[in-house]
Amino acid sequence: MGQVNEERRGVYPFCASCTASSVAWRVTDTSGPASGHFYGHRDTCPDCGSSIRTLYHTVLWVPVSKLGEYRVISTGGRSYIGRKLLAHPVQSVVRGEPMSAIAEHPELEAASEYRTAEAYWEDSEPGEALPFYQAALVEREKVLRADDPATLRVRLRVAQGLLATANYGRAIAWFELVTPELIDVFGPHHDLTHAATEAVTGARLMVGGPRAEAQLLANVVAADEQSVGPADPQVLRDRAALGKALLACGEISEALYALSRVVRDAPRGHPDTAVYRAALLEACEVAEARGKRREMLLAETARQVLSDESTPTNT
Ligand SMILES: [Zn+2]
């Protein structure tokens with residue numbers, strides 16, 4: 001029900017239809033001579049006032065390549081908020097529910113942890129449900145793929161439980177990991193995908209900007225290093241989120257370092273590894289677009305890590 005209402009209202013200050021045709025997007029650092037600038041104004045929305053603008057990568061204020069289209073609302077002066085336009089509008093996508101291997105494992109649906117978790121969730125008690133979902137997730141991951149629809153549902157619930165209990169850093173790390181998998185498996189317009197993209201936006205608002213997020217995640221990773229091993233899924237997930245937060249505040253070298261480390265330590269043949277590799281590739285592209293010599297050298301090294309045959313992939 002909550003999801004339906006969100007969809008109808010839109011995500012403030014965007015109206016419902018502009019929300020439905022776009023996804024949450026975070027501004028990366030666009031200062032300096034090589035950066036991104038918006039050009040053009042079209043399709044101004046009569047309801048929320050947003051307009052479609054095209055973001056270009058610019059070098060010395062000259063546009064050199066198109067980065068994408070956004071719905072943008074100016075918030076005074078040079079500041080603005082934006083949502084990235086979806087390539088395929090909502091109405092055109094109709095998908096069935098993806099197939100799960102859980103039919104072969106009925107004991108997972110019957111397990112008491114899972115049933116307790118679901119009961120708490122239905123009573124709107126995500127914090128109470130969290131430890132039970134975490135226990136259910138351990139059991140699912142023993143027999144199902146991490147990107148099986150039935151595993152993804154529980155992974156999302158764990159993220160939502162962490163958000164509800166104000167564990168913002170670890171919640172952000174989970175949402176960033178599962179969102180690309182939810183998009184792949186359920187599609188970009190499924191309720192679960194929508195719940196994840198909007199929840200991570202909410203978590204970021206609570207944290208208060210990329211710098212605060214990077215600091216929070218640095219503390220989370222330091223705590224992980226005391227409690228779990230260097231290739232533990234938790235530290236990989238949290239360090240990847242730290243890398244993305246560093247990228248968002250323009251700390252490109254540190255982002256490349258953190259994400260390269262995650263990619264080297266990632267598990268072989270695991271769907272999460274594809275998400276981590278994509279994050280490192282994005283950091284390389286940002287470094288190359290900014291054109292600073294030192295960062296470009298680091299990006300070159302990172303690309304070698306990605307292409308090295310000994311580096312884990314998802315297959
Ligand atoms: Zn609108």
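This is a predicted model: local features need pLDDT of at least 70, side-chain atom pairs count only at pLDDT 80 or more; totals for chains, interfaces and linings use all residues.
Start by selecting residues 168–186, which make up helix α7. Look along the helix to V178, where there is a kink of about 30 degrees. Now show everything around the helix: 16 of its 19 residues are buried, so α7 is largely enclosed by the rest of the structure. Step off the end of α7 and you land on G187, with a positive phi near 100 degrees. That settles the opening question.

Next, go to the loop between α6 (149–164) and α7, and pick A166. Here is a residue other than glycine with a positive phi, near 65 degrees. A166 counts as exposed because it has 10 C-beta neighbours inside 10 Å.

Now jump to S124, in the loop between α4 (112–122) and α5 (126–143). S124 isn't glycine either, yet its phi is positive, near 60 degrees. With 10 other C-beta atoms within 10 Å, S124 is exposed.

Last stop: select α11 (residues 252–265) and α12 (residues 271–290) together. Their axes sit 9 Å apart, at an angle of about 155 degrees, which makes α11 roughly antiparallel to α12. The crossing of α11 past α12 is left-handed. To see the contact, show side chains including I252, L256, L259 and V263 of α11, and Y276, L280, A283 and A287 of α12. Colour the whole contact by residue type and you'll find twelve nonpolar residues, one polar and two charged.

Definitions and conventions
Residues are numbered from 1 along each chain as its sequence is written. The bend at a residue is the angle between axes fitted to the seven residues ending there and the seven starting there. Helices (H or I, at least four residues) and strands (E, at least two) are DSSP runs, numbered from the N terminus. A residue is buried if 20 or more other C-beta atoms lie within 10 Å of its own, exposed if 12 or fewer, and partly exposed in between; C-beta atoms are placed from the backbone. Axes are lines fitted to C-alpha atoms, for helices over the stretch in contact, and angles run from 0 to 180 degrees between N-to-C directions. Angles under 35 degrees count as roughly parallel, over 145 as roughly antiparallel, 65 to 115 as roughly perpendicular and the rest as oblique. A crossing is left-handed if the near helix is turned anticlockwise from the far one by less than a right angle, and right-handed if clockwise. Two residues are in contact if their C-beta atoms, placed from the backbone, lie within 7 Å. Ala, Val, Leu, Ile, Met, Phe, Trp, Tyr, Cys and Pro count as nonpolar, Asp, Glu, Lys and Arg as charged, and the others, Gly among them, as polar.
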